[in-house]
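Visitor: I am new to this structure. Please take me closely through the charged side chains and their partners.

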Amino acid sequence: LRRVDLSDEYFAEGIALVGTQVRLLTWTSEEGFVYDLESFAEVGRFEYEGEGWGLAFDGNDLLMSDSSSQLTRRDSDSFSVLRTLAVTSGGEPVTRLNELELIGGELWANVWQTDRIARIDPETGQVESWVDLAGLLSDDDRTPTTSVLNGIAYDEAGDRIFVTGKYWPWLFHIRVVGCGD
């Protein structure tokens, strides 16, 4: 419906909606952009150290991933670091945290180059459970250009979860069920 083109020097990665603005990370440029949601006009920029992978807004702060097992909680206005949080599962670090989305108070993060999504307590960093999406994209839909699971979106009004991947031909609406459901 609407888009913003970045110059070739940037590779866009995580985005988050903060009020009437969109915050956008770049992968390795250590620079982010702020856009007005209505016009998509650039209204600001910010800097950070390291890689930008995923970004989510919890209503107060931004949560950022950088491919490591660390999440960085940042001020939503200044983008300054408020604290870092180690993400673990069974006492072991969970690395390659990528796309982020807040769903029902949990932070969902896909683990790069896997078919798994970690459901993380955003206060403790503990992985509470996993969503296994192995086989979601059929072998028939895979091509030499399709890549990994890499997109999570939540429609709060409809309580719907969507996932996709890099160059996937489909967007999937999923419902998570537990054992015995």
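Guide: Arg116 lies over the face of Trp130, at 3.6 Å from the ring centre. A charge sits over a ring if NZ of Lys or CZ of Arg is within 6 Å of the ring centre and within 35 degrees of the ring normal. The charged end of Arg2 likewise sits over a ring, that of Phe40, 4.7 Å from its centre.

The model is predicted, so local features need pLDDT of at least 70 and side-chain atom pairs count only at pLDDT 80 or more, while totals for chains, interfaces and linings use all residues. Residues are numbered from 1 along each chain as its sequence is written, and side-chain values use heavy atoms, with hydrogens and water left out.

Next come the salt bridges. Side chains of opposite charge can pair when their charged atoms come close. Here a salt bridge is a side-chain nitrogen of Lys or Arg within 4 Å of a carboxyl oxygen of Asp or Glu. The whole structure holds nine of them. One joins Asp5 and Arg3, with the closest N and O atoms 3.2 Å apart. Both Asp5 and Arg3 are exposed (exposed is over 50% relative accessible area, buried under 20%, partly exposed in between, with a 1.4 Å probe and protein chains only).

A network of salt bridges links Asp58, Asp61, Arg73, Arg83 and Glu123. Within it, the closest N and O atoms of Asp58 and Arg73 are 2.6 Å apart. Asp58 lies in the loop between β5 and β6 (61-65) and Arg73 in strand β7, so this pair ties together parts that are 15 residues apart in sequence. Strands are DSSP runs of E, at least two residues, numbered from the N terminus. Asp58 is partly exposed at 29% relative accessibility, whereas Arg73 is buried, at 7%.

Arg83 forms a salt bridge with Glu123, the closest N and O atoms being 3.2 Å apart. Arg83 lies in strand β8 and Glu123 in the loop between β13 and β14 (127-132), so parts 40 residues apart in sequence are tied together. Arg83 is partly exposed, with a relative accessible area of 32%.

Arg73 has Arg83 in β8 as its bridge partner. Strands β7 (residues 70-75) and β8 (residues 81-86) pair in the antiparallel sense over five bridges; two strands pair if DSSP finds at least two bridges between them. Five residues lie between the strands of this hairpin, and Phe79 takes a positive phi near 65° there.

How values were computed. Helix = DSSP H or I, 4+ residues; strand = E, 2+ residues; numbered from the N terminus.
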